[in-house]
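Biologist: Could you take me through this model and tell me what stands behind each label?

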Amino acid sequence: MTTAATEIATYNFAYLDEQTKRMIRRAILKGIAIPGYQVPFASREMPMPYGWGTGGVQVTAAIIGPDDVLKVIDQGADDTTNAVSIRAFFQKVADVAVTTETAKATIIQTRHRIPEHPLTAGQTLVYQVPIPEPLRFLEPRETETRKMHALEEYGLMHVKLYEDIARHGRIATTYAYPVKVEGRYVMDPSPTPKFDNPKMHMSPALQLFGAGREKRIYAVPPFTRVVSLDFEDHPFEIQTFDQPCALCGAEQVYLDEVILDDKGGHMFVCSDTDHCEKRQACGHRGHLAPEALEPAQ
Amino acid sequence: MDQMDVIDGGFSAPVFNAQTVFRAVMDAMARPGTVQQLAELAQPPAPLAATAGAVALTLCDHDTPLWFDAGLQVSAAKSWLGFHTGAPSAATPADAHFALVANPANLISLENFAQGTQEYPDRSTTLILQVESLTDGTPLHLEGPGIEKSATIAPTSLPRHFVEQWKQNGARFPRGVDLILAAPDGVACLPRTTRIKTTEA
């Protein structure tokens with residue numbers, strides 16, 4: 001008691017107070033029970049601005065325990081500002097183990113990517129979501145979009161995809177590509193590239209989505225049908241890349257373009273840094289990998 | 001009613017116990033048909049059992065009106081939950097966010113509870129059913145989200161005409177109630193999306 005009295009007061013485990021955690025936990029259970037439905041919740045102020053992942057942070061804080069191993073990625077990378085600061089936040093307020101290895105994590109908080117390494121049962125993927133409502137840019141009124149979900153009236157979304165085809169000859173939506181969950185709710189998969197949409201379908205991992213500013217939580221349970229919207233004559237397609245990763249030579253992965261100079265030089269590298277590093281450690285080399293460069297110098 | 005019955009028996013480590021119980025319930029809800037093991041973390045007064053009591057402590061507070069079945073309505077358990085969670089009593093089952101059921105066999109029909117609305121299907125009652133076992137009853141073969149191929153649980157006791165009632169509950173989707181089955185050794189869940197396969201020839 002005397003030591004406790006002399007210590008500076010600390011935050012509750014995982015930052016949030018227990019009443020807030022209960023409120024978020026109840027919303028998560030409802031979200032799991034109604035896959036793809038956006039459950040309103042009383043989003044709190046977090047020690048970071050809205051838009052920096054406050055929804056994902058609140059979901060993670062509500063589920064995390066001392067035995068968890070946390071991985072945080074931002075556009076696939078473990079070492080970018082958002083990922084580093086959120087990882088440090090949970091190390092500070094929850095004293096949990098952290099990792100960059102997808103396979104070792106029990107909770108993966110993500111901003112806009114699904115790791116390349118297949119997820120397994122027992123893992124939970126927490127998405128940071130900016131705009132949870134897939135119909136928002138088509139219909140700005142919450143009262144109307146809510147009614148559209150209630151009536152399963154998704155014609156407008158198909159019109160939008162059709163207009164893409166009419167204008168561009170193909171569905172031009174490349175990220176936040178709308179999906180239908182378990183044949184009922186149309187859901188925004190958060191601004192992940194459509195490349196990742198197929199990974200959501202029948203995933204063994206639980207997927208939770210938190211939108212802090214918009215105050216919504218939704219979920220996709222494991223082994224749930226997640227189908228990207230399309231047309232029979234314009235089936236859903238994911239992005240393809242002409243060249244492998246310049247560092248690890250990986251194909252069939254999502255690549256980021258990196259500008260190298262002001263003369264048009266560029267390279268394509270894995271967006272998933274953990275996946276890329278793992279492959280390089282196993283001896284895979286792309287054409288711009290360091291070992292391949294050295295002889296030329 | 002002994003005063004100490006009402007005060008003793010809460011979580012010994014409220015923050016971590018609640019997290020443990022929640023993760024068990026979350027995993028059970030995400031994977032219907034699986035039994036998530038749970039140690040005895042709370043000691044509520046009879047007829048409320050340890051697991052159901054722990055789930056209630058984890059999820060209930062002043063924001064969640066509770067409905068009690070007849071056995072719990074007249075017991076010290078009601079005061080115990082009032083003391084530990086601050087949750088108000090629901091006047092009718094349709095007002096309840098959670099329903100605590102010590103004797104599922106005599107439960108009123110599921111349609112009496114809040115079903116949510118088409119716009120807000122989350123505004124429905126979650127029933128915490130206290131069952132003796134999740135393996136000794138009539139096997140229920142389950143399918144739906146969270147289940148790769150099929151899953152089986154055999155809870156006892158369940159409400160009367162449960163298979164028929166559950167079919168009707170599923171037909172109301174996205175409205176409907178969700179069940180948390182609290183057995184002495186763990187929890188299993190039946191979210192409204194889970195279907196019970198009936199395999200008569």
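What follows is a short exchange about labels and the values behind them.

Modeller: Happy to! This is a predicted model, in which local features need pLDDT of at least 70, side-chain atom pairs count only at pLDDT 80 or more, and totals for chains, interfaces and linings use all residues. Residues are numbered from 1 along each chain as its sequence is written, while chains are lettered from A and ligands numbered from 1 in the order in which they are written.

Biologist: What makes chain B agree with a compact globule?

Modeller: A compact globule of 201 residues would have a radius of gyration near 17 Å, and chain B has 16 Å, so the two agree. Chain B contains six helices and nine strands, and its C-alpha atoms fill a box of roughly 55 × 30 × 30 Å along the principal axes.

Biologist: Why is helix α3 of chain A said to be largely enclosed?

Modeller: A residue is buried if 20 or more other C-beta atoms lie within 10 Å of its own, exposed if 12 or fewer, and partly exposed in between, with C-beta atoms placed from the backbone. Ten of the ten residues of α3 (residues 54-63) are buried, so the rest of the structure largely encloses this helix. Among them are T54(A), V57(A) and I63(A). In chain A, buried residues make up 47% of the 297 residues; in chain B, they make up 52% of the 201 residues.

Biologist: How do you know which residues join chain A to chain B, and how many does the contact take from each?

Modeller: Two residues are in contact if their C-beta atoms, placed from the backbone, lie within 7 Å. The contact takes 30 residues from chain A and 30 from chain B. On the chain A side, the largest share, eleven residues, comes from α2(A).

Biologist: What makes up that chain A side by class?

Modeller: It has 17 nonpolar, four polar and nine charged residues. Ala, Val, Leu, Ile, Met, Phe, Trp, Tyr, Cys and Pro count as nonpolar, Asp, Glu, Lys and Arg as charged, and the others, Gly among them, as polar.

Note on methods. Helices (H or I, at least four residues) and strands (E, at least two) are DSSP runs, numbered from the N terminus. The radius of gyration is taken over C-alpha atoms; the globule rule is 2.2 Å times the number of residues to the power 0.38.
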